[in-house]
Amino acid sequence: MTDDIKICVRNLYKIFGDDPQGALEKVRGGMSKADLQAETGHVLGLNNINVDMPAGKTTVIMGLSGSGKSTLIRHLNRLIDPTAGEVILNGENILDYNERRLREMRKHEMSMVFQKFALLPHRTVLENAGLSWEIEGKNRKKYAAEATKWLNRVGLEGQGEQYPAQLSGGMQQRVGIARALTSNSDVMLMDEAFSALDPLIRTDMQDLLIELQAELHKTVIFITHDLDEALKLADHLVILKDGFIVQQGEPQHILLNPNDPYIEAFVSDINRARVLRVRSVMEKTDVMPADIAGEVDYDDTLESIIAVSEGDTTNNYRVMREGKQVGVLHMRDLVRALVPRHPGEAA
Amino acid sequence: MATYDNFFDTLGLRGWCGDSSGGGLSSMADLMGQAGGDADTTVWDTPFPSLDALHDSCDAIPQSRDLTQGLEQGFLAIKDSLKVVVDPLTQPLSWALEDTLWLMQTVPWFIMIPMLMLITYAVGRSMKLVGLVALVFGFLAFIDFYEHTMQTLAIIFVCAFICVLLGVPIGIAMSRSDRVQRSMIPILDMLQTLPPFVYLIPLIFLFSVTEPKLYGIAIILYAIVPVVRLTDLGIRLVDQDVIEAADAFGMTNRQKLFKVQIPLALPNIMAGVNQTIMMSLAMVVIASLVSAPGLGVLVLRGIRSLELGVGLLSGLGIVLLAIILDRVTKAALARINASQK
């Protein structure tokens, strides 16, 4: 990819216990998480993590509970310090920062949205949204305009004087997002930001995030345990299991080429027609096929194509991108892509 | 012939003990024993090898009376140097108590009672409570307890204020360091369980009974515990997620303390203040033994000269005072809780 890399994680290890450095040697020597715990009582949180997070894109880190995803995101702003490794932001290793520089970074360059919202209950919505300005020592008058702008942007017009407890969960998380946006930082860390919300509201919030992203192009690092959510939001998907990265890359690619039984088990349950797009299954060619049934867009989902074709599996479609042909879609390939590869085939 | 003679003889310590025969008589029991002559002692009568019992056999071992006397001598020996340090440190307490007592007794009742009502309204925002305060002070003044009530109130105000002034920072220090917490908890436990009369005794030795700080210190030592404990607890109970958010947005430790931890711990701190005020009131009665003025003096008079009516009425006065102090601080607490929900 030619994207700029905003955050770059290199050889990151985190071991919890009394003597992490001693345990680190054993892990580097190839000891597994279970063996390490049984033998030394140390918990291997993260095991040799390497991720490049592209600027202006959404990187989703997905894994089940205990996979280390929340630990990983807390390394990006050093709420947790690693046992070994580097976290490079804009070319600087943030592990070299002193406390003062670290606070500057947290104030201006990274903001965070939390699963349990973590708003200050004794402050109004407006005062919560303006938190990062207040930490700078600016008073309410100075940040009111900026905070109100972002509160309005996330759909909280006229709620500024309420207290967080007076709002519903979804609205509270909107305050959380407004608080992150008001800090005007480039990077937004979202730790299971929508996991505590009920499904319909969650969908709303995902749409809101996509909308904001299209407009603002922040570098978003999003943690989730929900594959549907991950596929909906991700430009770059990282799948964690037991503290190491099983697979990372473009979500469509992972879906079509899972390299591990763990991921196959994951992807077998989802609605592939809704997630996969024409570009992932088309044949790349600029030769005009003989019998085309119509034109479709490069970014259409397979679900919409099935609707267009009315179930006819013999059709071929011309795939268009910005008015030019980029490929041909054979309905036969489309149908084949809907069935997950058999686990035996993967190896 | 004492019980443990053989013990010292077999250990060969007789020489070290010195000649024990005819050692000084120490207790009534000894005298009785002497008078009754040497009765046959059975195994059942074997005394516990206490200081006194061992002393009977061996003069070199001190009696328990020597132990208590030693403590007393020791205290008296350091008393003067202790006074040099403690006296100036606590002198402001005397001044504060004297001045507040003077002020509350000098301001005439027709200004004082409306002022107390105003304070109640400012704190509690409840007309019902203001009515209760007016009623209680009206009643106490009507039965000629006004002077004593004001004295008690003055002492409580000063002592509770100092408790909060010292207690909240101690509580904060405890919440920030497990080591401080571990070392403070036994001290707090001791202050809370030691009978208040016990620490009145060394205080009497240390200061003259005419000094107000004598009872001031006693009240503060007794009443400071809840505000310390609940400040510590309140800050430790602040939601870790919120603290994490404060960290993630780059707050300094000081900002975290004043903008997050203390405001969120305020309901607990206020509950501690409420308890502290109630305990100062309890102690103010006991402190009248060492010259604290106020309703306690009337209670004491009731006991000393068996004036049942005075005792009962002043007891009732203390209860009424306790009720309004409790209600007013609880109303303040409820307002804080309502604002945080």
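**Notebook: chains A and B**

I looked up chain A first: an unreviewed UniProt entry lists residues 31–267 as "domain: ABC transporter". UniProt positions follow the numbering used here, feature names are shortened, and annotations may be inferred rather than shown by experiment.

This is a predicted model; local features need pLDDT of at least 70, side-chain atom pairs count only at pLDDT 80 or more, and totals for chains, interfaces and linings use all residues. Residues are numbered from 1 along each chain as its sequence is written, while chains are lettered from A and ligands numbered from 1 in the order in which they are written.

I checked the make-up of residues 31–267 of chain A: 43% helix and 22% strand. Helices (H or I, at least four residues) and strands (E, at least two) are DSSP runs, numbered from the N terminus. The end C-alpha atoms of this span lie 29 Å apart.

Next, chain B. An unreviewed UniProt entry gives residues 149–329 as "domain: ABC transmembrane type-1". I found 86% helix and 0% strand there.

I then looked at helix H13 (residues 253–287) of chain B. Its end C-alpha atoms span only 41 Å, but a straight helix of 35 residues would span 51 Å. The expected span is 1.5 Å times one less than the number of residues. H13(B) bends by about 55° at Leu266(B), and Pro267(B) follows within four residues. The bend is the angle between axes fitted to the seven residues ending at a residue and the seven starting there.

Last, I checked where the chains meet. 18 residues of chain A contact 17 residues of chain B (C-beta atoms, placed from the backbone, within 7 Å). Helix H4 (99–108), strand S6 (110–113) and helix H6 (131–135) of chain A each give two or more residues to this side.

Conventions. Two residues are in contact if their C-beta atoms, placed from the backbone, lie within 7 Å.
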